[in-house]
Amino acid sequence: MLRFTLFGIPVEVEPWFWLVMAFIGGGFAALQSSSPDLYMGVVLFMLAGFISILVHELGHALTGWKLGGGTVWIRLWAFGGLAYQQGGRFDRRGRCAMILAGPGAGLLLAALSIVAVFVIFPMPEALSRLSIYLRYTNVPHEVMLRFFPENKPIYGFLNSMIWVNVWWSMLNLLPVFPLDGGQFMDQFVKSRKAMHKASIITCIVVVLLMLSNNMTMGIFFFAYFAYQNYMGYQQARS
Ligand SMILES: [Zn+2]
């Protein structure tokens with residue numbers, strides 16, 4: 001397991017994290033085609049995923065630590081990232097700020113990567129790249145290679161940074177517990193049953209939308225969240 005400290009916050013990365021990132025980044029397709037470009041794409045995607053999830057969790061952890069104190073640490077695992085906080089004291093505003101700081105940090109990274117595209121490429125090409133980078137498909141760099149075969153690693157990296165930070169930040173803001181949007185909703189909805197019900201309905205809509213676009217991994221995640229919320233709904237008293 002990889003362990004290090006960043007801005008005074010201990011971070012641990014489980015081996016499963018890298019495997020899941022390789023899978024989402026098109027590891028299977030790369031193995032089947034054995035094309036060096038696709039292998040490079042997978043590695044760049046893993047790097048972009050690592051940086052993005054780490055920055056997202058740092059957003060939570062640093063904001064939480066500043067506003068509430070206590071002990072914070074970060075773990076990257078098979079299901080993405082987690083920022084832990086022990087012994088912190090929060091009012092509702094502080095808690096909301098800590099929840100929103102994660103997707104906020106992700107969207108900031110997306111904005112910086114988009115600016116980089118406009119700095120590197122002339123206007124018409126920057127725009128057409130951006131419209132392709134933002135397409136929601138299972139494997140972003142595969143699409144990019146088809147449209148821009150002359151790619152350098154930095155382009156693939158920017159592509160993955162934009163794709164990951166735009167889409168994952170937005171999915172994370174959906175009202176599905178325990179995603180950030182769901183945790184935010186939890187601050188305002190008193191009834192646990194209503195909170196889990198809203199999460200289940202959102203999951204069903206998302207899964208239906210993803211089914212029509214063949215997003216296998218996303219379907220798996222949201223089906224799992226729906227199941228978790230169904231269990232939560234059954235256990236909730238009110
Ligand atoms: Zn988060």
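Strand β2 pairs with strand β3 (residues 71–77) in the parallel sense, over three bridges. Here strands (E, at least two residues) and helices (H or I, at least four) are DSSP runs, numbered from the N terminus, and two strands pair if DSSP finds at least two bridges between them. Within this pairing, V13 stands opposite L76 of β3. The structure is a predicted model, in which local features need pLDDT of at least 70 and side-chain atom pairs count only at pLDDT 80 or more, while totals for chains, interfaces and linings use all residues. Residues are numbered from 1 along each chain as its sequence is written.

The sheet is open and has four strands in the order β1-β2-β3-β4, with mixed pairing. The edges are formed by β1 and β4 (80–86), each of which has a single partner strand, so one side of each is left without a neighbour in the sheet. Neighbouring strands are turned by 20° against each other on average, direction ignored. Strands of a sheet pair through backbone hydrogen bonds, either parallel or antiparallel.

Strand β1 pairs with β2 (residues 9–13) in the antiparallel sense over five bridges. The bridge partner of R3 in β2 is E12, and T5 stands opposite P10. A residue is counted as buried if 20 or more other C-beta atoms lie within 10 Å of its own, exposed if 12 or fewer, and partly exposed in between, with C-beta atoms placed from the backbone. V72 has Q85 of β4 as its bridge partner.

Helix α3 lies across β1, β2, β3 and β4, running at about 10° to β4. Axes are lines fitted to C-alpha atoms, for helices over the stretch in contact, and angles run from 0 to 180 degrees between N-to-C directions. The axes of α3 (residues 36–68) and helix α4 (residues 92–120) come within 8 Å and cross at roughly 150°. That makes α3 roughly antiparallel to α4; angles over 145 degrees count as roughly antiparallel, under 35 as roughly parallel, 65 to 115 as roughly perpendicular and the rest as oblique. The contact includes S52, V55 and H56 of α3 and G94, A97 and M98 of α4, where contact requires C-beta atoms, placed from the backbone, within 7 Å. By class, this contact has eight nonpolar, 11 polar and one charged residues. Ala, Val, Leu, Ile, Met, Phe, Trp, Tyr, Cys and Pro count as nonpolar, Asp, Glu, Lys and Arg as charged, and the others, Gly among them, as polar.

Helix α3 also packs against helix α7 (residues 153–172), at an angle of about 45° and with the axes 8 Å apart. The two helices are therefore oblique to each other. Residues of α3 including M40, L44 and S52 meet residues of α7, among them P153, F157 and W168. The contact of α3 with α7 divides into 10 nonpolar, six polar and no charged residues.

Y227 is placed in helix α10 (residues 216–235). This residue is exposed, with 12 other C-beta atoms within 10 Å.

Note on methods
Contact = placed C-beta atoms within 7 Å.
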